[in-house]
Amino acid sequence: MLTIYKSFVRPHLDYGDVIYDQPNNQSFIDKIKSVQYDAALAITGAIGGTSITKLYKELGLESLKDRHWMHCLCFFQKVFFTRSPFYLYNSLPSQVISQRYPICFNSYLCRTVLFQNSFFPNPVREWNQLNLDIRNSASLSILRKALSKVVKPLEN
């Protein structure tokens, strides 16, 4: 059942998460989280009210918030390194040139919380806070593996 969930349900929950996962969409995010929680209950046979973290740990699932974080950073790296689509690459802030902090970006000046949590300001902030080894990943697949090590629950 876990394979069925990962193959047929979770891709629908992940689709567009870079856009919809915003603090002003909390009721929508809660509905999507409840779908994953209900699926985890069905897969494990646990009763309602079981701890979400225990269910995710047992199944080896990440929270949707963590998956969103990973997707945002992977998409950000894709835009930065491949410079595609070009209109998104042109929207990136300038890089901070420093030997101490390679591949860092200037932060956006945000007047509103809505803009601060939108696509570009949020990943730039998260990217600059990443571990240097992760930030210097040579390819998207290496970055994905490094981020999944951060996000995945520990196995028993």
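This is a predicted model: local features need pLDDT of at least 70, side-chain atom pairs count only at pLDDT 80 or more; totals for chains, interfaces and linings use all residues.
With 19 residues at 1.5 Å a residue, H5 should span 27 Å, and its end C-alpha atoms lie 26 Å apart, which agrees. The helix covers residues 64–82, and Arg83, which follows H5, has a positive phi near 55°.

The charged partners of Arg67 come next. Across the whole structure, a search finds 3 salt bridges. In one of these, the side chains of Asp14 and Arg67 meet at 2.4 Å, N to O. This pair links distant parts of the chain, with Asp14 in helix H1 and Arg67 in helix H5, 53 residues apart. Asp14 is itself buried, since its relative accessible area is 12%, under the 20% limit.

A further salt bridge joins the side chains of Arg10 and Glu62, with an N to O distance of 3.4 Å. Arg10 belongs to helix H1 (residues 2–14), whereas Glu62 sits in the loop between helix H4 (52–59) and helix H5 (64–82), so the pair ties together parts that are 52 residues apart in sequence. Both partners are buried: the relative accessible area is 11% for Arg10 and 4% for Glu62. Setting aside neighbours within four places in sequence, Arg10 is in contact with Tyr5, Leu61, Glu62 and Arg67.

How do these pairs fit together? Glu62 and Arg67 also meet through their side chains in a salt bridge, at 3.0 Å, N to O. Through shared partners, the salt bridges join Arg10, Asp14, Glu62 and Arg67 into one network.

Pro123, placed in helix H8 (residues 121–129), touches Cys72, Leu73, Phe76 and Ser118 when residues up to four places away in sequence are not counted. Is Pro123 buried or exposed? At 2% relative accessibility, Pro123 counts as buried. Between Pro123 and Lys149, the C-alpha to C-alpha distance is 19 Å, with 26 residues separating them in sequence.

Beyond residues up to four places away in sequence, Gly48 touches Tyr37 and Leu41. The C-alpha atoms of Gly48 and Tyr87 are separated by 46 Å, and the two residues are 39 apart along the chain.

Note on methods:
Residues are numbered from 1 along each chain as its sequence is written. Side-chain values use heavy atoms; hydrogens and water are left out. A salt bridge is a side-chain nitrogen of Lys or Arg within 4 Å of a carboxyl oxygen of Asp or Glu. Helices (H or I, at least four residues) and strands (E, at least two) are DSSP runs, numbered from the N terminus. Buried means under 20% relative accessible area, exposed over 50%, partly exposed in between (1.4 Å probe, protein chains only). Contact means heavy atoms within 4.5 Å. The expected span of a helix is 1.5 Å times one less than its number of residues.
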